Structures are given as structure tokens and as C-alpha cells.
Amino acid sequence: MDRRNFLTITGLTAAGLMIPLPGRLIAAEALADGRIEVAVKKALADRALTAATAAGASYCDVRIGRYLNQFVVTREDKVQNIVNTESIGAGVRVIANGTWGFAATDSLTPDAIAAAAVQAVAIAKANSIIQTEPVQLAPVKGVGEVSWATPIKKNAMEVPVKDKVDLLLSANAAALAAGANFVNSTLFLVNEQKYFASTDGSYIDQDVHRIWVPMQVTAVDQASGKFRSRSGFGSPMGMGYEYLDADPAERVEMPGGAVSYRHSYNIVEDAAAAARQAREKLTAPSVKPGKYDLVLDPDHLWLTIHESVGHPLELDRVLGYEANFAGTSFATLDKRESGFRYGSDLVTLFADKTQPHSLGAVGYDDEGVPTKRWDLVKDGILVDYQKIRDQAHILGQDASDGCCYADSWSSVQFQRMPNVSLAPGKKALTPEQMIADVEDGIYIIGNGSFSIDQQRYNAQFGGQLFYEIKDGKITGQIEDVAYQIRTPEFWNACTAICDESDYRIGGSFFDGKGQPSQSSAVSHGSSTARFNGINVINTARSLG
Amino acid sequence: MAMFNESEARAILEKTIGFSNADECTASLNGGIEGNVRFARNTVSTSGLVDETTLAVQVAFGKRVGTATINRFDDASLERVVRRAEELARLAPENEEFMPAVDKQDYTATPTFVQATADITPEFRSRVAADSIKPCRDENLVAAGFLSDTRGFVATANSKGNFGYQTLTSMDYTCTVRTADDAGSGWVARNLADASKFDAGREIRTAISKAKGSAEARALEPGKYTVVLEPAAVSGLLMFMLFGFDARQADEGRSFLSKKGGGNRLGEKLFDERVNAFADPSNTDVPVLPWDGDGLVRNRRPIIENGVVRHLNYSRYWAKKQGIDPVPQPGNIIMAGGDKTTEELVASTRRGILVTRTWYIRMVDPQSVLLTGLTRDGTFYIENGEVKYPVKNFRFNESPVIMLNNIEELGKTIRINAGAGVGGGQGIAMMVPAMKVRDFTFTSLSDAV
């Protein structure tokens with residue numbers, strides 16, 4: 001992210017979300033128009049493909065992108081900021097002398113894009129002198145001229161700013177009325193209009209939409225000096241503004257009284273609940289450290305899946321390409337060969353770039369490969385990784401999984417995590433039934449702090465709400481909970497997974513990887529799951 | 001886009017401001033070139049050059065504010081970006097916390113530009129990669145690393161006559177070296193103002209030595225240990241604490257710097273009296289721009305003095321509301337250290353753990369700044385003043401506030417991070433010392449190498 005501008009958008013210096021702001025800022029009305037005609041993009045792409053081939057490229061792909069963001073930032077009864085950004089340009093990637101080359105330009109003229117193609121070939125040829133591993137691309141059949149769009153019902157970019165401000169301020173007011181001292185809420189919209197063309201004969205036009213409404217509600221007890229926050233339970237989604245319609249059919253009431261949301265979020269209701277729960281946290285008893293059976297809600301478990309399954313099964317990490325930054329992986333190739341037991345028999349973890357409402361859903365990835373679903377861990381056994389065209393041969397396979405992504409026209413595409421999810425249990429089981437069977441446990445909802453080592457063995461996770469379970473019943477909130485795991489032991493301790501009626505997705509806009517770092521948005525689904533005998537620590541400290 | 005010199009930048013900014021019909025207008029130009037080379041598995045993987053210059057314009061009608069940016073600088077584009085900002089400002093609700101642009105300031109140039117760093121070529125980057133890879137290949141080790149360098153400029157002006165211009169450079173190198181059997185891993189990082197002082201062939205020896213020395217690590221019981229933290233290990237922990245040096249959060253009761261019953265702990269002794277840190281934009285080892293994000297003149301100022309908190313960040317709004325003068329936001333933090341090398345800190349340690357770096361640090365509880373994270377790329381057991389053997393990595397759960405009360409000894413201070421700049425690092429520039437600390441809390445073992 002070195003070359004990105006950053007903005008602390010929430011006004012909370014310590015807890016502030018650092019939001020990358022690529023591109024230039026534009027007026028609100030420009031978000032709804034300004035699309036580049038497909039015919040124009042095709043002509044530009046053809047010019048680049050021709051120029052690259054003439055310069056000696058054996059392969060070329062072109063991505064012409066228009067990336068839009070909108071942020072509406074509020075705290076309590078104030079609007080702090082409204083920002084619109086737009087970034088337009090083209091990236092050209094080539095193979096010459098068996099080596100990748102990449103160049104990008106923000107000038108969308110035929111001459112500029114041809115010059116970028118020629119420059120990419122020159123870079124490839126220059127680097128080929130020290131290249132020791134020539135690129136081998138898995139074949140992909142050209143798909144001709146096609147298009148794909150996120151199936152949204154309401155384009156959030158076209159909703160008036162006033163409606164957005166009113167909704168956020170209503171949520172803030174509800175939190176304050178319910179006992180919060182402070183509340184920060186932000187609306188964050190993404191629209192990627194991206195066009196891909198390659199010498200394989202593909203011309204793919206895609207229109208991708210994402211929405212996220214992060215919120216933090218804080219309660220303070222000034223007399224004791226104690227403060228506690230609860231984050232909102234809205235998830236970032238691959239949806240339009242319809243996600244904020246508060247459809248009661250998508251509301252999920254959970255054991256203990258907390259409420260989660262499937263594909264429609266009621267931010268006003270959640271803000272009030274967050275205020276009440278944050279205030280309860282101020283006086284909740286502190287956890288006694290030890291081994292507990294954990295019941296993990298999907299709003300929490302997505303992040304554990306992300307860190308302990310999504311990342312270690314990225315093939316570039318396994319091979320060492322990320323060794324200097326994100327790290328490598330414990331899930332080495334020999335483990336796949338030997339049928340490594342990643343989890344218990346109940347555990348099937350699948351990758352999926354087609355899942356509706358998910359952040360990773362697209363029709364085609366950023367090297368023109370149609371997306372799909374595939375298993376990574378099947379019935380507890382490690383069976384596969386996440387791979388793209390230049391990696392498939394390493395596993396003796398002849399096709400990419402379709403999980404290549406670049407966060408901008410100016411960034412080179414590389415292997416990124418698809419949505420990785422835990423398959424629901426096959427037997428009928430509700431969270432209430434699961435909890436009724438737990439003698440001494442903790443029910444965790446929402447994601448808190450998270451940290452994992454560079455090979456993805458040792459992780460520690462917090463949460464938003466922690467409910468003590470005694471003899472099958474929830475007794476109330478407890479505080480200062482974090483659990484520590486060793487990845488294979490954790491997944492082998494999975495003894496029950498609720499059925500698909502409980503399946504929900506969480507996710508992140510900001511999965512970071514690569515140098516310079518790129519951000520990717522990814523979702524992870526699951527039903528509530530139980531893990532026996534997990535080590536819980538108490539995180540309370542006194543500064544005297 | 002070429003680097004604009006001072007008169008070119010001034011001409012663009014003045015023309016831009018001249019187009020504005022708003023009550024006030026601030027314009028800034030930020031441009032530069034970032035070059036990089038990335039390598040892994042003992043071969044170059046990617047190499048790039050990004051050249052970007054952006055003009056940002058903020059206008060205000062009363063308390064309604066709009067911002068727009070553009071990357072073209074002809075007259076029509078300059079006028080268009082001003083009109084866009086004005087349109088957005090007219091649509092925006094009133095910002096009750098709006099603060100007018102600063103009056104004309106008097107900036108004193110700081111030494112943020114070093115010619116040798118600006119002169120880095122693709123051949124230089126390629127040589128750094130080769131000098132890192134070859135010695136590793138010769139010893140059956142595997143190198144993965146990244147070199148990134150920038151040269152650029154920043155210019156700012158407003159309709160009240162304020163103007164500032166300065167050029168900047170930066171260079172950051174990291175390399176991880178692993179044994180071919182994945183049993184050992186070492187790391188080295190150098191962040192320098194002057195690229196002519198950089199020698200990858202020399203630096204890589206540190207990572208090689210740690211990679212070879214960390215193989216066959218033994219498991220020690222987690223618990224409280226005396227630790228010798230190298231500066232890179234210290235910086236991650238301090239960074240999180242310094243993010244919390246915010247007056248508004250403290251005054252609102254939601255910070256470790258909040259005072260029970262209200263107010264903040266500015267002026268209180270919270271750390272060991274050997275803890276001293278200050279900001280100084282002119283420091284030659286880690287210079288930063290002479291103005292902050294609001295255009296206020298940065299000055300040398302104490303942050304922590306003999307363990308006493310001497311500075312909190314105030315936004316201009318919060319300073320006004322609290323009835324105090326505006327406080328410039330520091331761009332760097334220099335923590336004072338001692339004369340000892342890391343080896344000398346080890347030599348005076350009877351029993352402890354030497355930590356090369358810390359990794360994946362996250363806030364667990366902002367109430368106490370409890371942080372969790374792990375050791376990585378070289379963790380060793382110390383006994384009777386000597387490094388005895390490598391140990392498995394640990395997860396820690398520790399508060400830097402507690403850590404800075406448990407100091408045994410401070411080592412030499414080095415530059416860690418160039419901070420925010422043109423295409424450069426993020427956050428605040430830092431110089432920190434190596435540190436020997438007692439009772440550092442490790443809570444579990446990691447099998448990761």
C-alpha cells in the first residue's frame with residue numbers, strides 16, 4: 001500500500017479504520033455516469049494486444065478499469081466527511097521470453113495503451129535474463145465477448161447522499177438513546193467496472209458492487225475509567241443498497257438474545273442493541289482462564305476460517321513467494337500428498353467464487369478464467385489449494401481455479417483468496433440445540449482482535465459478545481475472553497456444525513497481501529460450530 | 001509526470017486557487033516516483049515503477065466543505081477540479097467541527113531529500129536483488145525480499161497566502177532468508193535516508209546468520225521472561241501505544257490516557273523515568289516535512305520526558321474546544337537510547353530471550369493497550385551473557401505501557417521507518433532503541449518457522 005493515499009475516516013485515531021483511497025475524488029453525481037463504452041474498451045484492448053504481440057509477447061492480457069468508491073462518515077449527530085473517488089486506467093500484462101512483464105497507464109488513448117504494452121514486453125525481456133523459473137500457463141479457452149454483473153437490486157451509487165446520511169444518523173441516534181456515549185458509523189461503497197481482454201480470445205466486461213457499513217458503539221463509565229465497545233453486526237456484502245432495507249425475513253435471533261442479519265441489515269436496531277450490550281460489558285464478570293467448549297457464531301467464525309484455512313492454502317504462500325511479508329504455510333505440498341488430516345470428519349471447507357451475496361463473487365477472474373466452487377478440505381482431509389494459471393502445473397493440474405485478482409488497473413494481478421467457507425452440517429441442528437448439549441462453554445459472537453503466525457499455526461482470537469454456557473444454558477455475558485489455537489488441533493476439535501438453515505457469511509474489505517501490498521475483499525460462510533477443549537485466556541490487565 | 005520544482009508547483013497552486021469562488025480554498029500537489037524490486041525463491045519475481053502526481057483541492061462555503069483531486073494540470077483541468085470540489089461542498093451538510101484554513105505560516109526547510117537516494121536506478125535495484133540472492137544460493141539458503149525507493153515533492157498553498165514546498169526521498173529494504181529445509185528463518189531490514197550508505201551484500205549476512213542459527217529450535221515453556229528486543233521488535237509495540245496519544249479520545253474517557261472522573265493524563269508519569277521521546281522535523285537521521293496535515297509549523301517538542309507524558313495530539317477543533325493553542329502533529333518520534341549494542345545487552349543478561357522482530361500485532365484491549373503478536377525470524381535463548389540456542393517462536397500478550405515500566409536497559413537507537421511521505425511509508429517516522437525488559441509475557445508457543 002506504499003503508493004496509496006490513506007485517510008483516517010472514522011475520526012478515531014487509535015481505533016480508526018485506515019481506508020486506502022486510490023484515485024481521484026469526484027463529485028457525487030459523477031458516480032452514476034461516466035461508464036466507458038464496451039466498444040471503446042474493446043478497441044483499446046485490441047490495440048494493446050496487437051502491440052504486445054508485435055513486440056514479441058507470447059501472451060498478453062489487458063485490464064481496463066474504472067474503480068469507484070464512496071464514503072459517508074458520521075459520529076453521533078455529525079457528518080464528518082463525504083468522499084467520492086474514481087480511478088481509471090489500464091494495466092497490460094505480457095509473457096515474453098518466458099517471463100512476466102507489466103505496465104500500466106492512466107491515459108486511455110490508443111497510443112498510450114500500446115506504449116504500455118511495449119513497455120511491459122521490454123520489462124519482461126529485461127527480467128528474463130535473471131529468471132530461473134520460466135512461466136507455464138495452464139490453458140484457458142477464450143470465451144468471446146461476454147459480460148457479468150453483481151445481481152444487485154438497487155445501485156447504491158445512485159441513492160441520494162441525503163438518504164445515506166439520514167440512515168446513519170438515525171442509527172447513531174438509536175445508539176445514543178439506548179445508552180451509548182459515542183457512536184461512529186460509516187457507509188463504504190465499491191463499484192469495480194472492469195474489462196478484461198486477452199490473446200486467448202476473451203473480452204469480458206464486469207460490473208462488481210460491494211457495500212459495507214462499519215459501526216462502533218462505545219459505553220464509558222467515567223467514575224471507574226472503564227470503557228467498552230461493540231462493533232456492528234452488519235457484514236460487508238457483494239450487494240447493492242437493498243442490503244440496508246432491514247427485511248425482517250433476514251433477521252436471525254440467536255440464543256442469549258443477540259440478533260444477526262443474513263442478507264438484509266437493520267442498522268438502526270443493531271445500533272440500539274450494540275449500545276445496550278456495550279453497557280452490559282462494563283459490569284460483566286471476567287472470564288476464568290482454562291479449557292472451554294466454544295460455540296462459535298458465523299459472525300465470528302468467518303475470521304477464524306480466513307486466517308487458519310484461507311491463508312495457509314494459498315499456493316503462492318505454500319511455495320514461498322510471500323515469505324518476506326505475509327509468510328509461508330504449514331500446509332506444505334507433502335501434506336496434501338499424504339492426505340493430511342486438517343480437521344475432524346465433519347469438516348469440509350470449500351472455496352467458491354460464485355457464492356451469491358459474497359464479496360468474492362465474479363463471473364470471471366482477473367485473468368479471464370470462469371469462476372467455480374471446489375473443495376480444499378474434504379471430510380477433514382486436505383485435498384487442494386487455491387491456484388491460478390501459472391501455478392496449476394506445480395500440482396500436476398491443467399486448469400486454474402479462477403482466483404486471480406488485482407485491486408486496481410495499476411496493480412499486477414496475482415493469486416488471491418476466494419471465498420472460503422465451512423460446509424454446513426448434514427444433520428438438522430440449531431444453535432439452541434447445540435448449546436443445550438454444552439456443559440462448560442463460551443458462545444462467541446462477532447469478530448474482535450485477531451493474530452496468527454507467519455505459517456498459520458498459532459492464532460489468537462477475541463470477539464464482540466461472549467456468553468457463558470453452564471449445563472446447557474446461557475448464564476450471561478462475560479468479558480476479557482480470547483482463545484488460542486494451533487490450527488490442525490482446532491479443526492480436529494470440531495464436534496458439531498449446525499445445519500444450513502443457520503448458514504451466514506461474514507467477510508472483510510481489507511485482506512492484504514503482496515509487496516507493494518494490495519487489498520482484496522473476501523467472504524467466509526459457515527453455520528454455528530462447536531469446538532471442544534479450546535484454551536481460553538483472560539485479557540484483563542491493570543495499568544495501576 | 002516529472003517532479004515539479006518550486007516555481008512550477010507554486011504556479012499550478014496559485015492558478016488553482018485563483019479559479020475558486022468559495023470562501024476559502026486550500027490546494028496541495030503531491031507527486032513522485034516509486035521504484036521497487038521483489039524477489040523470492042532466489043529469483044526476481046516482480047519489478048515496477050509507479051509515477052503519480054495528484055492535485056487535491058479543498059474548498060469551503062461557510063462550514064460546508066468539499067474535496068476533489070485530479071492528475072492533469074492544464075488550465076481546464078485545474079478549473080474542473082475546483083468546480084467539482086465546490087459542487088461537493090454545496091451538497092455537503094454543515095460540518096460543526098469545521099476549522100478554517102491556516103493563516104500564512106513560516107516554514108523552515110528540513111533535510112528530507114538525499115540526492116544519492118533520488119538517483120537510484122533500475123540497475124541499482126537489480127544489483128540489490130542479486131547481492132541478496134547470490135550469497136544465499138551459495139550457502140543453500142533461500143532469499144525473499146523487497147526494495148522500495150521513492151523520490152518526490154509536496155507543495156501546499158491556500159487562499160490566505162500560505163505556501164510550502166519540499167522534496168523528499170526514502171529507501172526501505174527487507175529480506176527474509178530461510179534454510180532449504182525450512183527449519184530456520186532470518187530477517188534483516190534497513191530503512192535509510194541515504195542510499196549510498198546501503199550495502200545489501202553486507203546486510204544480508206545478518207539474515208543469513210539468523211537463518212542458519214535459528215534451525216533446530218528448542219521449545220521453552222511460555223511465561224514471563226527477560227527479553228532483549230531488537231529495535232524492529234520494539235517499534236511495532238510502541239507504534240500501537242503512540243496511536244493512542246490522542247487528547248480527544250482521552251478526554252472522552254475511552255483511552256488508557258483517560259483520567260478517572262474526566263480529563264486526560266497529560267503531565268502524569270506513566271513510564272520508567274529513562275523513557276524519553278521527542279519529535280523533531282529537522283532531525284538529520286529521520287527528517288520529516290516542516291508542516292503537519294493542517295499546515296501548522298512542526299517544531300521540536302517532547303512527547304515523553306523522564307517517563308512523564310508531555311504531548312497528546314489535538315485536532316485543531318479539539319484544541320479550540322479545550323481553550324488551548326493549536327498543537328502541531330508530530331511527523332516523527334525519536335526515542336532516546338543508550339550506547340550499548342544489542343550484543344552488549346545480551347552480554348549483561350543472565351537468562352532471557354533475544355527477539356529479532358515482532359509480527360501480526362493486534363490490539364486486544366484498548367483499556368490497557370494489551371497487544372498480542374508473535375516473535376519471528378530469529379528467537380534465541382540467552383544464558384550467562386551468551387546466545388545459547390534458538391528457541392521456538394512465542395505468542396506474547398503484553399502492554400507497551402507495562403513494558404516501558406519494566407525496562408532494564410536501553411540500547412542504541414536506530415531509524416526504523418521513514419513515515420508518511422511521497423509514496424513512502426505509512427504512519428509516523430520512528431527511531432527507537434533496542435531494549436532489555438523484564439517480565440515480558442509470552443502466553444503460548446508457535447511451531448512456525
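This is a predicted model: local features need pLDDT of at least 70, side-chain atom pairs count only at pLDDT 80 or more; totals for chains, interfaces and linings use all residues.
Where the domains meet, 40 residues of domain 1 of chain A are in contact with 37 residues of domain 2 of chain A. Among the elements that give two or more residues to the domain 1 side of this contact are strand E4 (59-75), strand E5 (78-96) and helix H4 (267-281) of chain A, while E9(A) gives the most, with six residues. Sorted by class, the residues on that side of domain 1 of chain A divide into 18 nonpolar, 14 polar and eight charged.

Within chain A, the eye can next turn to a sheet. Strands of a sheet pair through backbone hydrogen bonds, and they do so either parallel or antiparallel. Here four strands of chain A form an open sheet in the order E17-E16-E15-E20, and the pairing is antiparallel. Strand E17 (381-382) and strand E20 (419-422) of chain A are the edge strands, since each of them pairs on one side only. Strand E15 (residues 349-352) of chain A is joined to E20(A) by four bridges, and A:Asp352 has A:Asn419 in E20(A) as its bridge partner. Helix H5 (residues 298-310) of chain A lies across E15, E16 and E20 of chain A, and this helix runs at about 110° to E20(A).

Two loops of chain A hold details of the backbone. The peptide bond from A:Gln515 to A:Pro516 is cis, with omega near -5°, and A:Pro516 is found in the loop between strand E28 (504-513) and strand E29 (518-526) of chain A. A:Ala246, although it is not a glycine, has a positive phi of about 55°, and this residue lies in the loop between strand E11 (226-231) and strand E12 (251-253) of chain A.

The domain assignment of chain B gives domain 1 (6-213) and domain 2 (223-445), whose C-alpha centres lie 24 Å apart. In chain B, 35 residues of domain 1 are in contact with 30 residues of domain 2, and E5(B) gives the most to the domain 1 side, with six residues. By class, that side of domain 1 of chain B has 11 nonpolar, 19 polar and five charged residues.

The crossing in which H4(B) passes H5(B) is right-handed. Residues of H4(B) including B:Val128 and B:Pro135 meet residues of H5(B), among them B:Ile204 and B:Ile208, and the residues of this contact divide into six nonpolar, two polar and one charged.

Finally, the two chains touch each other, with 82 residues of chain B in contact with 61 residues of chain A. Strand E2 (residues 43-61) of chain B gives the most to the chain B side, with nine residues, and by class that side has 27 nonpolar, 37 polar and 18 charged residues.

Notes. Residues are numbered from 1 along each chain as its sequence is written. Chains are lettered from A and ligands numbered from 1 in the order in which they are written. A crossing is left-handed if the near helix is turned anticlockwise from the far one by less than a right angle, and right-handed if clockwise. Two residues are in contact if their C-beta atoms, placed from the backbone, lie within 7 Å. Ala, Val, Leu, Ile, Met, Phe, Trp, Tyr, Cys and Pro count as nonpolar, Asp, Glu, Lys and Arg as charged, and the others, Gly among them, as polar. Two strands pair if DSSP finds at least two bridges between them. Axes are lines fitted to C-alpha atoms, for helices over the stretch in contact, and angles run from 0 to 180 degrees between N-to-C directions. Domain bounds come from an automatic or database domain assignment.
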